[in-house]
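Subject: structure handover

Hi,

Have a look at it first, then read on.

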Amino acid sequence: MIDNKNSSLDEEASNIFLKNNINPDIKQKVILTPSEKFENCKNIGDVYELVKETVERVIGSRRAGLTLYLADLPMNIGGLHQIGSNSIVMNRTLLKAIESMAKSKNDVNSFTYFILLHEYLHALGYAEEEKVRELTYYITVSSFGKGHFTTKLSKMGFAYILKQISHVPGEEGKIEIVKDFDRSSMSYIG
Ligand SMILES: [Zn+2]
């Protein structure tokens with residue numbers, strides 16, 4: 001119920017934004033391909049926006065009102081979404097490990113995109129792992145093409161990611177909320 005309500009509010013908010021703030025000439029120029037948008041992602045919030053956008057573009061579903069938490073979890077877990085909850089948890093220990101071994105920001109973002117997409121699909125109601133894996137590949141290949149690292153990760157799966165990690169950061173911290181994680185709700189509220 002909350003989902004439907006939020007998503008229509010989001011659409012309303014984004015329409016108002018486009019109408020008031022961008023003239024038609026500029027609007028043409030700011031339409032980027034998903035791959036170009038991927039290149040522009042600077043942080044986990046940007047990556048999540050792109051996850052939502054590409055999912056909507058490819059399978060037509062969207063869910064607003066999710067909060068992202070970063071928490072230190074065992075290394076065999078990329079992220080979590082508990083069915084019925086309004087949160088996604090990303091494993092900060094894994095993220096740090098990925099950051100320490102990835103060759104570029106784009107590689108880090110590919111791993112992040114892959115993990116957030118997986119959990120977001122669970123949050124959309126896809127409970128079966130097999131279905132989520134299929135959709136993850138379908139969405140990445142449709143959005144970025146076959147040669148993109150994110151698509152390759154989707155094909156190779158989470159086990160491949162774990163094999164790449166040789167160093168596990170030791171320190172443990174508190175659970176963090178990524179504050180601008182759900183910008184569509186934030187922009188409506190504030
Ligand atoms: Zn899963």
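A word on helix geometry before anything else: axes here are lines fitted to C-alpha atoms, for helices over the stretch in contact, and angles run from 0 to 180 degrees between N-to-C directions. Helices (H or I, at least four residues) and strands (E, at least two) are DSSP runs, numbered from the N terminus.

Two bits of housekeeping. This is a predicted model, where local features need pLDDT of at least 70 and side-chain atom pairs count only at pLDDT 80 or more, while totals for chains, interfaces and linings use all residues. Residues are numbered from 1 along each chain as its sequence is written.

The overall picture

The protein chain has ten helices and four strands. Starting at the N terminus, the order of elements is α-α-α-α-β-β-β-α-α-α-α-α-β-α. Of its 190 residues, 31% count as buried. For that label, a residue needs 20 or more other C-beta atoms within 10 Å of its own; 12 or fewer makes it exposed, anything in between partly exposed, and the C-beta atoms are placed from the backbone. Contacts use those backbone-placed C-beta atoms too, with a cut-off of 7 Å. Among contacts between residues at least 6 apart in sequence, 64% join residues at least 24 apart.

Helix packing

Let me start with α7 and α8, whose axes come within 9 Å and cross at roughly 165°. That makes α7 roughly antiparallel to α8. (Over 145 degrees counts as roughly antiparallel, under 35 as roughly parallel, 65 to 115 as roughly perpendicular, and the rest as oblique.) The crossing is left-handed, the convention being that the near helix is turned anticlockwise from the far one by less than a right angle, with clockwise giving right-handed. On the α7 side the contact uses Thr 136, Tyr 137, Thr 140, Val 141 and Phe 144, and on the α8 side Thr 150, Thr 151, Ser 154 and Lys 155. Those residues divide into three nonpolar, five polar and one charged. Here Ala, Val, Leu, Ile, Met, Phe, Trp, Tyr, Cys and Pro count as nonpolar, Asp, Glu, Lys and Arg as charged, and the others, Gly among them, as polar.

Next, α4 and α6: their axes come within 9 Å and cross at roughly 50°, so α4 is oblique to α6. This crossing is right-handed. Ile 44, Val 47, Tyr 48, Leu 50, Val 51 and Val 55 of α4 meet Asn 109, Thr 112, Tyr 113, Leu 116, Leu 117 and Tyr 120 of α6. The tally for this contact is ten nonpolar, two polar and no charged.

α6 also packs on α7 (residues 129–144), at an angle of about 125° with the axes 10 Å apart. The two are therefore oblique to each other, and their crossing is right-handed. From α6 come Leu 117, His 118, Leu 121 and His 122; from α7, Val 132, Leu 135, Thr 136 and Ile 139. That contact divides into five nonpolar, three polar and no charged.

The core

A nonpolar core means a set of buried Ala, Val, Leu, Ile, Met, Phe, Trp, Tyr and Cys residues joined through C-beta atoms within 7 Å. The largest one has 32 residues, and those touching the most other members are Val 47, Val 51, Ile 88, Met 90, Leu 116, Leu 117 and Tyr 120. α6 gives the most to this core, with nine residues.

Two of its residues are worth a click. Leaving aside residues up to four places away in sequence, Leu 117 touches Val 51, Thr 136 and Ile 139. With the same exclusion, Tyr 120 touches Val 51, Val 55 and Ile 88. Tyr 120 is buried, because 27 other C-beta atoms lie within 10 Å.

Around α5

The buried residues of α5 are Thr 93, Leu 94, Leu 95, Ala 97 and Ile 98, and their cover includes β3 (87–91) and α6 (105–123). Arg 92 is in α5 as well (residues 92–101); it has 19 C-beta neighbours inside 10 Å, so it counts as partly exposed. Beyond its neighbours within four places in sequence, Arg 92 is in contact with Leu 70, Ala 71 and Asp 72.

Cheers

How values were computed. Contact = placed C-beta atoms within 7 Å.
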